[in-house]
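Had a look through this one and jotted down some points for you. Have the structure open while you read.

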Amino acid sequence: MKEIAFIGNPNVGKSAWINALAHADLQVGNWAGVTVAKKEAYVNWDQSYHLIDLPGIYALKETQGEEAITQNYLKEHTPDLIVQVIDATDMKRSLYLTLLLRELQIPMMLLLNFMDEVEKHGMLIETEKLSRRLQVPIICASALDRNDYDKVKKALLCHVNDTVFYYPLLNPLKEHQFTQLLSYIKSKIQTVESDAKAIFRLGIGVVNEDAAIMHHLHLLQIDDGVMRYQKQLADWDQLRMDAVESMMGYVHADMKKRNAFTYKLDQILLHRFWGLPLFAVVFFFVLLVIFRGSAPWTAFIQYLIQDYCGAVCAKILGDVPAWVRALIQNGLLAGVGSVLSFVPLMAYMYGAMAVLEESGYMARIAFLMDRIMRFFHLSGRSFVAFVLGFGCNVPAIYATRTIESEALRKRTALLVPFMSCGARLPVYVLFAGAFFGNQAPYVIILLYAIGIWIALVLSFLLHQFENHTTKAQTLYLMQLPPYRLPRMKMIMQKIKQEVRGYVKKTMSLVIWVIIVLWALTYFPNGSLQDSYLAQAAKPVSIAFEPLGFGTNWKSVAALPSGIIAKESVIGFLGQLADASAAEMPFVFQDETKQLPKRLADTFFASMTLQGQKEEDTTKTIALLWHDENAKARAFSFLVYILLSVPCIMTLQALRKEYGLRTMLASLLLMSLLPYLVCFLLYQGLSLCHLLFASL
Amino acid sequence: MRADELASGACAKIAKIDVPAKLHDHFFHQGIYAGAKICFLRCAPLHDPLLFEIEGIFFAIRRKDAHQILLKE
């Protein structure tokens, strides 16, 4: 099977291309973080091909971070073809990488992307001359143009069988010196390794001062001999830059024209006074769209699965044992229904994040917030990770890779789970809706604020424990991409990917949790009060009474399910609620006729950002606590959910990125902290209530 | 003259990047090297970081790091 690797600078559109070429065959690693996943595909064209998309790099020297992935991959594998995807509007840095890749002596092809922008800005690239100079085929395309897909595919098939030998681009003097180096090596090495490519690699290793190659030469006892040549060619990197400069002669671009729009927009969005307030407005608006736009769809799906399909099932099942019926309706349908009903929320959330990324505004957010973040000993990039964390904690943890120092990375990653992820939102919405009615949105905003505030305070505290002796050699160098209008197609692609991952996870993991939990609530005899879960939860909930919500064991019982996935809490509570819901007559024919109208209403409500009307489940949740302190108890419960142990996927991400110790630290932190905070909170609130009541 | 001393809208050429060898590559690979054209655009709302345009690419650099970029007179 032939292997084709897609390599290039960050943000050149590699992913868009591998998506376009592989289509449905694309496999994405478990969590597609922003720039992290090793996307690959196995396709069958004229034969089997393995396409792989490697993380963006500027050079091949990196030994840590994402770039190391690409570096290590190329060390261990030899693809049959390297496709370097290039942003045609930013050729200089890409050409540098081209020269580095050529030195690997692997067949290459250049794919110039963003050609639509090249045309728009009146740029001209003399690709034929460039191609001849580099000895590499060049193809121009735009990932937005379907017609280009075939063109690119044909080019791939054409060149995947090439055999090549790339000569470094040097001036005559240096070329002579390099040739002498290669001759010297050849003369000193026995026949086994006298293959031209192998000698070339050794020569390149010498000028690059590659440790592995120097060691190899040491074993062959010629490392002293090559020293002379190494000194002569010590400016190899500068020679590469010279070659790039000369090749840029074939690129006729007016950077001013390309950047004109960005200059203008940055005047407004990065304004000294208005920049931050504008950001606050944008952020608020984005949250509004996400929550109000998705809520009608959530309600619709809940209706569809639980009510409509529930009735269908009831009809089909007919005369089955009571527990089977209960398993399917109250276990499976209710549970899965509540979890799947939040797909719209996920879709909106990821869509919003994608728009912010694609447009280029995300980088500006980091720019605006950097100084403020540094007050809390964090970084502008930490803020971006936090923003991502509001969608889902897992990609946010991977996003911490770009942060400047190791200590900062770890600390940010520990704090990410305090950003209320999308999965916690359903719990907030349900509870706030049940106990706080019209004030629900404010309560929810307060919860988010508490999460952020605690994270910032913790940042201060944790910073004190860090090793300050190593005066951090950190460098903050962040590229702000030019503003681009986000393309609907790209956004949809990203949303589809993330939603697919979410649904897969739900189906594989959460469903089992729900079934097991349902069993624990049903058996031994179908009554909730006598169930195994109740028996276990009741004594445990005594420990949670000082926190307010422990007075009802159901809330405590729901907590462990949150470790599997935060969404499980809803599914679980949904089951508990169903057990006490009154049976409403369901007239099948009428409901079926109403379906199209319901759909249309949902669409309209979503477009006009109307949000959700009151739900039946809300009413049953409201029964959990009903003394005069009910609101305080509910709030305490919500804060507990906010601060408690993150879901398994997040813990897994922490472990993969930062090791077992960090994961355990997070576990410990988010077990003790919520207990303490909720204890103080509830006691404080009920005390206030007492004081005010007596006034 | 150093990069953090440029007036808004002013341009110059980079003379030297005064950082430890380890960090040199970081600048170099992103296209920031001796001889590159650098223009100062604006600073963030709290005067830090600074926004530069270097060879047509926009970069956000903190004041203390920008101070290490020496410019040709």
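1. A definition to begin with: two strands count as paired if DSSP finds at least two bridges between them. Keep in mind, too, that this is a predicted model. With that in place, look at β2(B) and β3(B), which run antiparallel and are joined by 5 bridges. One of the pairs puts B:Arg42 against B:Leu51 in β3(B). The hairpin these two strands make has 6 residues between the strands, and B:His47 takes a positive phi near 70° there.

2. On to the next neighbour. Strand β4 (residues 57-61) of chain B also runs antiparallel to β3(B), again with 5 bridges. The β3(B)-β4(B) hairpin has 2 residues between its strands, and B:Glu55 in the turn shows a positive phi of about 50°.

3. How buried is β3(B)? Strand β3 (residues 50-54) of chain B has 5 of its 5 residues buried, so the rest of the structure largely encloses it. B:Leu50, B:Phe52 and B:Ile54 point one way, while B:Leu51 and B:Glu53 point the other way, and all are buried. Worth a glance on your side: B:Glu53 is in that buried set.

4. Now the cysteines. Searching the whole structure turns up 1 disulfide over all chains. The disulfide is between B:Cys11 and B:Cys39, with an S to S distance of 2.0 Å. The link is right-handed, with 105° about the S-S bond. It ties together distant parts of the chain: B:Cys11 sits in strand β1 (residues 11-17) of chain B and B:Cys39 in strand β2 (residues 37-43) of chain B, 28 residues apart. B:Cys11 is partly exposed at 41% relative accessible area, whereas B:Cys39 counts as buried at 8%.

5. B:Cys43 is buried, at 9% relative accessibility. In chain A, A:Cys140 has its closest cysteine sulfur in A:Cys158, 16 Å away, so that is too far as well. A:Cys140 is partly exposed, at 21%.

6. Last, a surface feature on chain A. A:Phe375, A:Trp453, A:Val457, A:Phe460 and A:Leu461 make up a nonpolar patch with about 520 Å² of accessible area together. Helix α21 (residues 440-464) gives the most to the patch, with 4 residues. A:Phe375 comes from helix α16 (residues 361-375) and is exposed, with a relative accessible area of 52%.

Terms used
Residues are numbered from 1 along each chain as its sequence is written. Chains are lettered from A and ligands numbered from 1 in the order in which they are written. This is a predicted model: local features need pLDDT of at least 70, side-chain atom pairs count only at pLDDT 80 or more; totals for chains, interfaces and linings use all residues. Side-chain values use heavy atoms; hydrogens and water are left out. Patches are made of residues with over 30% relative accessible area and no salt bridge: like charges are joined within 9 Å, nonpolar side chains (Val, Leu, Ile, Met, Phe, Trp, Tyr) within 5 Å. Accessible areas come from the Shrake-Rupley method with a 1.4 Å probe; for residues, only the protein chains shown count as cover. A salt bridge is a side-chain nitrogen of Lys or Arg within 4 Å of a carboxyl oxygen of Asp or Glu. Buried means under 20% relative accessible area, exposed over 50%, partly exposed in between (1.4 Å probe, protein chains only). A disulfide is a pair of cysteine sulfur atoms within 2.5 Å.
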